[in-house]
Amino acid sequence: MARRRGSKGPNPDLSRTLTDCTRRGDAAAAMAAFDDAVSDPDAPTRLAAHQYNQLLHLLATADRSSFPSPAAAARRVFDHMLQAGAPPSEATITSLARVTAASAADEAFQLVATMKEKHGLAPRLRSYSPVLAAFRRAGDASKAYAVEAHMAASGLSPEEPELAALLDVSCTAGDADKVYEYMHKLRQTVDCVGEETAQVLEAWFGSDRAAMAGKAEWDAAEVKHAIVLNGGGSHQLGWLGTGPWTVQRVTAGADGQCGSCKCRLACVDIDMEETQRFADSVAALALERETKANFRRFQEWLEENKEYEAIVDGANIALYQQNFAEGGFSLTQLDAVITELRGRYHGKWPLVILHNKRIAKLMENLSNRHLIETWRANGALYTTPSGSNDDWYWLYAAIKLNCLLVTNDEMRDHIFELLGSSFFPKWKQRHRVKYTFNKGKAVLVMPPPYSSEIQESEVGSWHVPMEEKSGDERVRIWLCIGRTGTCKVPDKVPTTNGVVQEVPPNEASNRVRQSLQEDKAESITGKRKDRE
């Protein structure tokens, strides 16, 4: 049915035209259709909000060679939208900012910065990106930093594209302190970088300004201590060393040794502060769900017994592959894991967590009784009380003591979902030891020997992993970045990527000193030595 004269409803012909123009990327035809639709003074067409958005999106992506003035057209569409009373959305303002930023970056920033005040809309990261890109192109560092500050005030954090822009504009400005700041923000945000970011870094480290940044002398002990506190991958104390940098694209060996400078990459952990917060959150949840007196008793006991290198999820190991007729609760399997751990830790006992309901029945068997009594005599067994969930106990112990956790539990149950911590996946990757058995002997699958993430060493060198779509670490490319002629760690300092191998026993490092490497090629993983 034809639209009646004087109707203010949306025009279906315009909808079809806009859809067709969007498919073809024809901004000029779309604007001609818009002008035709709204130019009739007797029966102006009222556009739906999504049609305005469709037009603005098309203008934001328009080819400027065929449509040279998209910003002016976009302003006209937006003004008409407001006059018609159609409610703008975040996508509306973002598209308008995107098309405006190319020719008027300040105006685009104002659109985004006042989005909340004028329209009650919360900006998203994509709202800021075109503005930041425009200031990057203009080389205007101060305005780029203002965009980041407004992002932070809006509760948003830059991701790799935004950080690459901030890095680049800082490089252009020759602001070494800002480059250092954004290097660490990049380290905290992404594991690996893309090609564009890698090229930004290569350009900076090849510049004269980068060569001048840094200090010739520093407190080596302070740097080492900072690296331990930060989890093993950075000291965050500023540029170390002076002089030109060398940047090479290399691969790392299976043991984490850089193919260029021969430094050993670290297995980076969450930092000490994060570890404490994580332990506190687990304890708080456990106290809500367990009998408080029981769990507090365990916490007090753990304070008096801190010398464990590994926590063992006893039930998980004893019940492993026992779903057959003669299967049961296998202390033999558990003992095999304990034996393997003691071999790695020079005879030191791990801590086994078992529910007490298991113990009474197990003690009826003479051989089982002998094992249990031996474990108890050596402080290797803690039995959780009736009504408790032993998951809370072994998880808390492993976090609090900052040591390894031997379990095949994927930790996906609801109790682990309650944690909701951004630390948890990284912590699990660095601390969980999986296992299997081969002819009765325990085979432990240790955490990775190094972390594929940005690392800053104790001598000021950097290692930056690049994206590897195959997921094969053997072919991953790293940027090895060090001062020319000084990127190798001195032989007299037995360190691996900035963390000294022999950390003095103290509360911060949790006295985790023993190597887990069978070949004795020791390296540190932030708060403990490199693990196989």
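# Close-up views of the chain

**View 1. Proline 465 meets its partner in β10.** The bridge partner of proline 465 is tryptophan 478 in β10. This is a predicted model, in which local features need pLDDT of at least 70 and side-chain atom pairs count only at pLDDT 80 or more, while totals for chains, interfaces and linings use all residues. Residues are numbered from 1 along each chain as its sequence is written, and side-chain values use heavy atoms, leaving out hydrogens and water. Four bridges link β9 and β10, which pair in the antiparallel sense (two strands pair if DSSP finds at least two bridges between them). From β9, Trp462 and Val464 point one way, His463 and Pro465 point the other way, and all of these are buried (under 20% relative accessible area; exposed is over 50% and partly exposed lies in between, with a 1.4 Å probe and protein chains only).

**View 2. The open antiparallel sheet holds four strands.** Here the strand order is β1-β10-β9-β8, with antiparallel pairing. β1 (245-250) and β8 (455-456) are the edge strands, each pairing on one side only. β1 runs antiparallel to β10 (residues 478-483), and six bridges join them; look for valine 247, whose bridge partner in β10 is isoleucine 481. To complete the picture, helix α12 (residues 195-205) lies across β1, β9 (462-465) and β10.

View 3. Strand β2 (residues 310-313) runs parallel to β3, and three bridges join them; valine 312 has valine 352 in β3 as its bridge partner. β3 is also joined by four bridges to the parallel strand β4 (residues 381-384), where threonine 384 stands opposite histidine 355.

**View 4. Two loop residues have a positive phi.** Histidine 346 is found in the loop between α18 (331-344) and β3 (351-355). Its phi is near 55°, a positive value in a residue other than glycine. Asparagine 402 also has a positive phi, near 55°, and is not a glycine either. You will find asparagine 402 in the loop between α21 (390-400) and β5 (404-406). Asparagine 402 counts as buried because its relative accessibility is 0%.

**View 5. Cysteine 261 sits buried in a loop.** This residue is placed in the loop between β1 and α15 (272-289). Cysteine 261 is buried, with a relative accessible area of 3%. Valine 250 is a handy reference point: cysteine 261 and valine 250 are eleven residues apart in sequence, and their C-alpha atoms are 9.6 Å apart in space.

**View 6. The largest pocket is lined by 28 residues.** Asp191, Val268, Lys426, Arg430 and Glu453 are the lining residues that lie nearest its centre. (On a 1 Å grid over the protein atoms alone, a pocket is an open set of points with protein on both sides within 12 Å along at least five of seven lines, a 1.4 Å probe that fits but cannot get out marks a cavity instead, and lining residues have an atom within 4 Å of a point.) The elements giving two or more residues to this lining are α11 (176-189) and α23 (423-431). Of the elements, α23 gives the most, with four residues.

**View 7. The whole chain puts the close-ups in context.** The chain has 23 helices and twelve strands (DSSP runs numbered from the N terminus, with H or I over at least four residues for helices and E over at least two for strands). Of its 532 residues, 53% are buried. Among contacts (heavy atoms within 4.5 Å) between residues at least 6 apart in sequence, 70% join residues at least 24 apart.

How values were computed
Axes fitted to C-alpha atoms, helices over the stretch in contact; angles between N-to-C directions.
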